[in-house]
Amino acid sequence: MSIPEIQQAWRVVGRGDPSKVLRFDRDVPVPKKPVKGEVLIKVHAVALNPVGYKIMRVAPSFVIKRPYISESDLAGTVVDANGTSFKEGDRVYGWIPVPTIIKTRMGALAQYTRVPANNLVPIPENTSPVQAAGITLASMTAYQALFDVGGLQPEQSVFINGGSSAVGAFAIQLAKAAGCTVTASASGKNEEYVRSLGADKFVDYTKAPLHETLANQPPTPKYHVFLEAVGLIDTSLYTNSEAYLAPGGTFVSLGPQPKGFDIAAIVKVAWKVFLQPRFLGGTNRSWKLVQVRHKREDLEQIARYVAEGKVKPIVDSVYSFEDTLKAYDRLLTSRATGKVVIKVDPDVSTE
Ligand SMILES: NC(=O)c1ccc[n+]([C@@H]2O[C@H](COP(=O)([O-])OP(=O)(O)OC[C@H]3O[C@@H](n4cnc5c(N)ncnc54)[C@H](OP(=O)(O)O)[C@@H]3O)[C@@H](O)[C@H]2O)c1
């Protein structure tokens, strides 16, 4: 397989929004010498995650030097197996975690990239590269949030706030695959979508404050785990959770997101979730944060679920490599239902 010397890539050259700091470069050297344990991938498709634009916006250059190639999730073909268990021509998907991007400045938004072999699995027969590209980060987050952090057990019940977010959609499917009962929220237009993912019950969060809706009609039994899969800065769902989260149950957050760099909002959240004692109105339920990390066994388990059809990859929209900025615009609406995917290789089939 002939590998070119030079490639096209989207590189982050400053600090700010994608439209301001992403540059399409046509003369980026192909990283032809993967280090031990890495393979070189010809990238077919890349899926966006909010963490990509969040780092662009906030990370100072002493954390990540510019220029760097952004994004974690990808699917592609191995073109240099570099002595790993893969062979040239293998179709794979997986991810480049953020700490690796910070170290190598080499993310997924390029025609060729280096990826640790341990972070890749074969694309299942029933899955296209475009679908596979968006599986890893969101599904591993959902898996770790539910089972590692939340301690969810088969046959227990879980509430997923944001059932139509990418993480929420995988969480619904993974909880159902484990035999749990799932209630999920979204705006009314997404009810059918959320139910099609397997949710047993649906709540439209736009009709009334969600914590009031849940407290007015508490479930029996109460939820064992409450997954906040949106990143809300408002802590009301947690502070009112004694009404609908079982004693000993866990409230799992993907990380409350202030608008901009709002120290006061962050301090308020810390007070509400960690510091406020019960006699001062604190909540008698545990609040835990998930921070997705690489776990080979999770990657493999999710790949098995996908191959068995128990978990379906979800694609909101597909953009050409040249239209990458439009793909970020779509993600930034916070209205996507599934993954926003960029077809880096125009010849790769979408289905
Ligand atoms: N901690 C970690 O390791 C980790 C890992 C991955 C992601 N995250 C964070 O998790 C969050 C979600 O990421 P994502 O990629 O899943 O997002 P996403 O797919 O872009 O989320 C879009 C969806 O969110 C729903 N939504 C927006 N506001 C909502 C609300 N108030 N209540 C319920 N649903 C709402 C929208 O549905 P409607 O149109 O129906 O409102 C839309 O379908 C982000 O903040 C991301 O940074 C954290």
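**Ground rules.** I am working on a predicted model, where local features need pLDDT of at least 70, side-chain atom pairs count only at pLDDT 80 or more, and totals for chains, interfaces and linings use all residues. I number residues from 1 along each chain as its sequence is written, and side-chain values use heavy atoms, with hydrogens and water left out.

**Ligand.** I listed 27 residues around the ligand; Lys-54, Ser-187, Tyr-205, Arg-335 and Ala-336 come nearest. A residue counts if one of its heavy atoms lies within 4 Å. Next I looked up polar contacts (pairs of N or O atoms within 3.5 Å; within protein, one must be able to donate a hydrogen and the other to accept it, and residues adjacent in sequence count only if both atoms are side-chain atoms). Ser-187 puts a polar side-chain atom 2.5 Å from a ligand oxygen. For Ser-164, a side-chain N or O atom is 2.8 Å from an oxygen of the ligand. Val-230 uses a backbone N or O atom, 3.3 Å from a ligand oxygen. The protein buries 90% of the 930 Å² that the ligand exposes when taken alone. These areas are Shrake-Rupley values with a 1.4 Å probe; for residues, only the protein chains shown count as cover.

**Domains.** Where does the ligand lie relative to domain 1 and domain 2? Domain 1 (6-135 + 313-343) and domain 2 (138-289) both give residues to the shell, so the ligand lies between them. The bounds come from an automatic or database domain assignment. I get 29 Å between the two domain centres, taken over C-alpha atoms. Twelve residues of domain 1 touch 13 of domain 2, with contact meaning heavy atoms within 4.5 Å. The two domains bury about 950 Å² between them, 55% of it on carbon and sulfur atoms. Ile-135, Ile-314 and Thr-337 supply 48% of the area that domain 1 buries against domain 2, more than any other three residues. Buried area is the accessible area (1.4 Å probe) that two parts lose on being put together, summed over both.

**Backbone.** I noted a cis peptide bond between Arg-66 and Pro-67, omega about -5 degrees. Thr-220 to Pro-221 is also cis, with omega near -5 degrees. Glu-71 is not a glycine, yet has a positive phi of about 85 degrees.
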